[in-house]
Amino acid sequence: MITQYSYGTPVETFAVVEDVPAGHQLTHFTLESGPSLTFTCPLAATDLVYGLGETMRGVNKRGGRYISFNYDDPKHRDDMPSMYGAHNLLVVDGETPFGAFFDTPAKVVFDVDSKGNGLLNVSCESPDLRLYLVEGSSAYDVVKQFLGIIGRSFLPPLWAFGYGQSRWGYKTEKDISRVASKHRDAGIPLDYLCMDIDYMDRYIDFTVNRRRFPDLAGYTARMKEQGIHLVPIVDAGIKIEPGNAVYDEGIQNDYFCKNREEKNFQAEVWPGMTHFPDFLQEKVRHWFGDCYQFYTSQGLEGFWNDMNEPAIFSTEYRSKLAKPDVARGDPDQPDRHIADFKDFFHRLDDGRQMSNYEVHNLYGAMMTRASGEGLNRLLDRRYLLFSRSSYIGAHRYGGIWTGDNASTWHMLRQNVYHMPSLNMCGFLYSGADTGGFGGNTNRELLLRWLAVSVFTPLMRNHTAILTRHQECYRFRDPEDFRTIISLRYRLLPYLYSEFMKAALRQDMFIRPLAFDYPEDQRVRKIEDQLVVGGNVMIAPVLEKGAKGRTVYLPEPMTEVRYNGEFSCSDVEAGERMVDVPLNEVVFYIKRGTLVPAGKAVSCTAELNLEDVVLLGSGTVYEQYVDDGSTKECGLDRCVIRRKEG
Ligand code: GLC
């Protein structure tokens, strides 16, 4: 059961798309109202608190303090309060499980018992908001009901579930072709290559550097023949450059955010001084979405949207070198950028003018919506789109990646923690920069990371300029990398089917173990084992130098070891030590269920979803199958596979 409570004049966020009845008396929380609203709820000693999507620390958020205020900061430490997305859902798992979604684009501070006094305290800076309260029989039930009101997840094409290679630093057609052929030569599967900002003419959106890519349309077509899609980056800011068609249109039609003097606000990002499109307006979204025709007309069908918190280097009011403006800023983030967000303004479709600071968390989400709706108009097939910044609701238009992580074991572990939390908030299509963005990766870390990414919908190796090259073929024994990545392709009949079923049913794709085994008290503490789809449990190795790990099985399962071939054995419930060499992956299939596995291929274009063997101890599997790109997706596309004998 879900009820909503409305305070003040809420800004339309588009997060909830179903009608939800109004509640009368607020339950669970006591409310203190003043200039801001503070909701407080006592927690029992054994309550777990889930949710909050893209935030640091573990899956259980208890003990931490988190701030929804989308922010571009690569220092992903455990105590970093804000990341790139705002996912304001909490799920309290205790005697009477319930969820609370604080639907406001302004800053929200979640103190989840950080002082150890048993209090959950949510402080919403704006007094204008909607609160949705969800009552359920379990934490999982609460989440499923919540997913039911925020609309169906974005459905990417099959190729978006392939392996992608990326690096900030590929500049030319030649660079990209070299990476493609090196993968093919080493037999490492590959479905897409990302084009970072250097493909553009001076980092200007909707342009191509013609010296580096003399014939992008022809090149895109040639790569597609090899089964490789190109995925360009698109940044939020539009360079101030009279004569550039997109810029001129934006000026003529008054599509940009305003400064304090009601002129177009100027902020420096990669291309130099830019204007920010006012994505909060419907007509601006429509225009920006149509701009993607520049790419789709050249055969491109996949994109990553970046710098849309928005990230700002300097502004017309603040030079790059300015000292942090603590006085005008925010005590939680004594950072100069907070003041920048107060310096520019949106004109909402309801007639209000509000500073970006007041509606901050919607900006990236509305860019995603603009792009997703545009691509949907422009293409007769499904598109790939993932964004850095997000708000709940954006999951209907695109996926997300978790931003500028680093090549550390801590970040790998964080990737594991993020996946179920993001799924609770609707972001099924998500993943991290595999191998790590900042810093230098190494062979062991990359192999272990790939073994996790095999199970995350977005599986992209991406790294920053000036870091060690981290394409798999650069390391000793590239066949080990081939083995791990080929597992992804062999499991695609399962992973794609489970993803599509979860999306179509508005369910989670990746869950904490506790969601599937609520009676088992022991799994409540386990955060490094996850359930992927209906039937698979993973227990990845996340420690440097480890030869394997301890795995807890809440029930007897089939243990599957993959080293190029599958070998299956039945294992008992309880704890077991498992050896996992660097070039192998071990995962588990729940008792009485099946996993369809296909042939090893070098890209999804070669994959036959129907040609499968069935692993596991079950008798029947319901497999979702389509051509990988149709927009007409429905559960009626499921076929029943039976295991004989
Ligand atoms: C941002 C993105 C990163 C990208 C870089 C250059 O830091 O998060 O993925 O490589 O910008 O465009």
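Arginine 57 is found in the loop between β4 and β5 (64-68); strands here are DSSP runs (E, at least two residues), numbered from the N terminus. Arginine 57 has a positive phi of about 70°, although it is not a glycine. The model is predicted: local features need pLDDT of at least 70, side-chain atom pairs count only at pLDDT 80 or more, and totals for chains, interfaces and linings use all residues. Residues are numbered from 1 along each chain as its sequence is written, and side-chain values use heavy atoms, with hydrogens and water left out.

**Backbone exceptions**
- Most residues other than glycine have a negative phi, and most peptide bonds are trans.
- A cis peptide bond joins glutamate 309 and proline 310, with omega about 0°.
- Proline 310 lies in the loop between β18 (302-306) and β19 (314-315).

**Antiparallel sheet**
- Five strands form an open sheet with antiparallel pairing, in the order β1-β11-β8-β7-β4; two strands pair if DSSP finds at least two bridges between them.
- β1 (2-7) and β4 (48-51) stand at the edges with a single partner strand each, so one side of each is left without a neighbour in the sheet.
- Neighbouring strands of this sheet are turned by 20° against each other on average, direction ignored; axes are lines fitted to C-alpha atoms, and angles run from 0 to 180 degrees between N-to-C directions.
- β4 and β7 (residues 89-93) run antiparallel and are joined by four bridges.
- Tyrosine 50 has valine 91 in β7 as its bridge partner.

**Parallel sheet**
- Nine strands form an open sheet with parallel pairing, in the order β25-β24-β22-β18-β14-β13-β12-β27-β26.
- β25 (430-431) and β26 (433-434) stand at the edges with a single partner strand each, so one side of each has no neighbour in the sheet.
- β12 (residues 163-165) and β13 (residues 192-195) pair in the parallel sense over two bridges.
- Glutamine 165 has leucine 193 in β13 as its bridge partner.

**Ligand site**
- Residues around the ligand include Trp168, Ile197, Ile233, Trp270, Trp304, Arg388, Trp401, Phe437 and His462; a residue is near a molecule if one of its heavy atoms lies within 4 Å of it.
- Aspartate 196 places a polar side-chain atom 2.5 Å from an oxygen atom of the ligand; a polar contact is a pair of N or O atoms within 3.5 Å.
- Aspartate 306 has a polar side-chain atom 3.1 Å from a ligand oxygen atom.
- For aspartate 404, an N or O atom in the side chain is 2.5 Å from an oxygen atom of the ligand.
- The protein covers 97% of the 310 Å² of accessible area that the ligand has on its own, by the Shrake-Rupley method with a 1.4 Å probe.

Conventions: A polar contact is a pair of N or O atoms within 3.5 Å; within protein, one must be able to donate a hydrogen and the other to accept it, and residues adjacent in sequence count only if both atoms are side-chain atoms.
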